[in-house]
Amino acid sequence: VESIMKNSALKRWKYIKKTGSFSRTGGLQAGIDYVTDPNSIVLTIDMHLTIPFGFIEYTRRHVVQGKMGFSPMFFRLHPGFTEVNVNGFWEQMTYGVFGMYKSDWSNFGGFDLKKYTTRWGGEDWDIVDKVISNGYEVFRIRYPGLVHYYHSRAGMWTGQR
């Protein structure tokens, strides 16, 4: 990941290496906590995604400080398919990609690290519940070119293959 980021067009990024058991929420929260400027936009994103050109700028235009976060829907590919050989569906039941200002993340407290320490699933819905219950809105749209590649979940969090 670090070598890919070094060759990317993004100017400001940080690679944070964590030890211990894998924790998706722990990793995401560590990234959120690393950002100190309350006027910066924090974008949490799933692995296994193709991120199209212009997506970061689109995110900037659809996050409103103190008012609204952005969680686009992505196209989830079925096993064995690619962006060229397409077969899948628009994933509407996830908030795995989520952008908000750092000040807003701080206001509602971020991820629940106790409930989702090593558990997978539900952390994105938990965030949306916090966002909405704190008076924010969530902008959603099907974002063309934002594609999630199929992967097995077997052993992803246990170190098994």
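**Entry 1: helix α5**

I looked up which residues of α5 are buried, and found Glu123, Asp124, Asp126, Ile127, Val128 and Val131. Buried here means under 20% relative accessible area, exposed means over 50%, and partly exposed lies in between, with a 1.4 Å probe and protein chains only. I worked on a predicted model, in which local features need pLDDT of at least 70, side-chain atom pairs count only at pLDDT 80 or more, and totals for chains, interfaces and linings use all residues. Residues are numbered from 1 along each chain as its sequence is written, and side-chain values use heavy atoms, with hydrogens and water left out.

Next I asked what the buried residues of α5 pack against. They pack against α2, β6, α4 and β7 (137-139). I took contact as heavy atoms within 4.5 Å. Helices (H or I, at least four residues) and strands (E, at least two) are DSSP runs, numbered from the N terminus. Just after α5, I noted that Gly135 takes a positive phi of about 90 degrees.

**Entry 2: helix α2**

I then listed the buried residues of α2: Arg24, Thr25, Gly26, Leu28, Gln29, Ala30 and Ile32. They pack against β1, α4 and α5. An α-helix has 3.6 residues a turn, so residues three or four places apart point the same way.

**Entry 3: nonpolar cores**

I searched for nonpolar cores, each a set of buried Ala, Val, Leu, Ile, Met, Phe, Trp, Tyr and Cys residues joined through side-chain atoms within 4.5 Å. The largest has 13 residues, and those that touch the most other members are Phe98, Met100, Trp105, Phe108, Phe111, Ile127 and Val131. Two or more residues of this core come from each of α2, β6 (98-101), α4 (102-108) and α5. Its largest share, 3 residues, is from α5.

Leaving aside neighbours within four places in sequence, Phe98 is in contact with Val42, Leu43, Thr44, Gly69, Phe70, Ser71, Trp105, Ile127, Val128, Val131 and Val138.

**Entry 4: cavity**

How many cavities of 30 Å³ or more are there? I counted 1. Rolling a probe the size of a water molecule over the atoms shows where empty space is left. On a 1 Å grid over the protein atoms alone, a cavity is a set of points where a 1.4 Å probe fits but cannot get out, and lining residues have an atom within 4 Å of a point. Grid points are joined across faces, edges and corners, and a volume is the space filled by probe spheres set on the points.

The largest cavity holds about 40 Å³ of space. I read its lining as Arg24, Leu28, Thr44, Tyr95, Gly96, Phe98, Phe111, Asp124 and Ile127. The elements that give two or more residues to this lining are α2 (24-34) and α5 (123-133). By class, the lining has 5 nonpolar, 2 polar and 2 charged residues. Ala, Val, Leu, Ile, Met, Phe, Trp, Tyr, Cys and Pro count as nonpolar, Asp, Glu, Lys and Arg as charged, and the others, Gly among them, as polar.

**Entry 5: single residues**

- Ser40 is in the loop between α2 and β1 (41-44). Ser40 counts as buried because its relative accessibility is 11%. Not counting residues up to four places away in sequence, Ser40 touches Arg12, Val35, Met100, Tyr101 and Lys102.
- Leu49 lies in strand β2 (residues 49-50). Its relative accessibility is 16%, so Leu49 counts as buried. Beyond residues up to four places away in sequence, Leu49 touches Phe74, Val97, Leu146, Val147 and His148.
- Ile45 sits in the loop between β1 and β2. With a relative accessible area of 28%, Ile45 is partly exposed. Leaving aside neighbours within four places in sequence, Ile45 is in contact with Ile51, Phe55, Gly96 and Val97.

**Entry 6: whole chain**

I finished with the protein chain, which has 5 helices and 8 strands. Buried residues make up 35% of its 161 residues. For 161 residues a compact globule would have a radius of gyration near 15 Å, and the chain's 16 Å agrees with this. That radius is taken over C-alpha atoms, and the globule rule is 2.2 Å times the number of residues to the power 0.38. Among contacts between residues at least 6 apart in sequence, 69% join residues at least 24 apart.

Terms used. On a 1 Å grid over the protein atoms alone, a cavity is a set of points where a 1.4 Å probe fits but cannot get out, and a pocket is an open set with protein on both sides within 12 Å along at least five of seven lines; lining residues have an atom within 4 Å of a point.
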